[in-house]
Amino acid sequence: SGFYMDVPSFTTLKRFVVSPWGQNASRFLSRACVATYPKATQKCLIAQIAAPFLQVATFVWQSKYDIDQKLCELSPTCAASSPCIDAYASNLSHAIHVVLTDHLQHGAFIDTCERHCD
């Protein structure tokens with residue numbers, strides 16, 4: 001769990017992590033990612049953005065219906081709408097496929113359980 005998408009309602013909340021007035025954790029980020037997103041380094045904390053910069057084999061176990069992601073990334077209206085949740089789940093699966101499983105060293109198991117980090 002934890003393959004978060006790059007959605008403004010979530011990504012912008014991560015600014016405090018890289019801000020010199022916040023946690024200033026920018027040294028933990030991929031240098032290549034930071035070079036790609038110099039004015040939005042908080043994006044490098046988001047799996048959808050950070051994954052293409054991985055240099056080690058990675059396996060993701062992710063729910064399409066992650067409880068935490070529904071709360072963090074979806075508006076309350078969307079989170080209450082099955083078609084909207086299904087569209088998000090489809091976009092999430094597609095993003096994982098594009099940035100991880102299209103590369104031989106990475107893999108993923110995507111389930112449909114409503115859970116987070118079980």
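A disulfide here is a pair of cysteine sulfur atoms within 2.5 Å. The model is predicted: local features need pLDDT of at least 70, side-chain atom pairs count only at pLDDT 80 or more, and totals for chains, interfaces and linings use all residues. Residues are numbered from 1 along each chain as its sequence is written, and side-chain values use heavy atoms, with hydrogens and water left out.

Q: What makes Cys78 and Cys84 a disulfide?
A: Their sulfur atoms are 1.8 Å apart, and the cut-off is 2.5 Å, so the pair counts as a disulfide.

Q: Why is the disulfide of Cys78 and Cys84 called left-handed?
A: The torsion about its S-S bond is about -95°, so it is left-handed.

Q: How do you know whether Cys78 is buried or exposed?
A: Buried means under 20% relative accessible area, exposed over 50%, and partly exposed in between (1.4 Å probe, protein chains only). Cys78 has 10%, so it is buried.

Q: Why is Cys84 called partly exposed?
A: Its relative accessibility is 28%, which lies between 20% and 50%.

Q: What makes Cys33 and Cys44 a disulfide?
A: The S to S distance is 2.1 Å, within the 2.5 Å limit. Cys33 lies in helix 3 (residues 31-36) and Cys44 in the loop between helix 3 and helix 4 (47-50), so the pair ties together parts that are 11 residues apart in sequence. Helices are DSSP runs (H or I, at least four residues), numbered from the N terminus.

Q: Why is Phe59 called exposed?
A: Its relative accessible area is 59%, and exposed means over 50%.

Note on methods: Helices (H or I, at least four residues) and strands (E, at least two) are DSSP runs, numbered from the N terminus.
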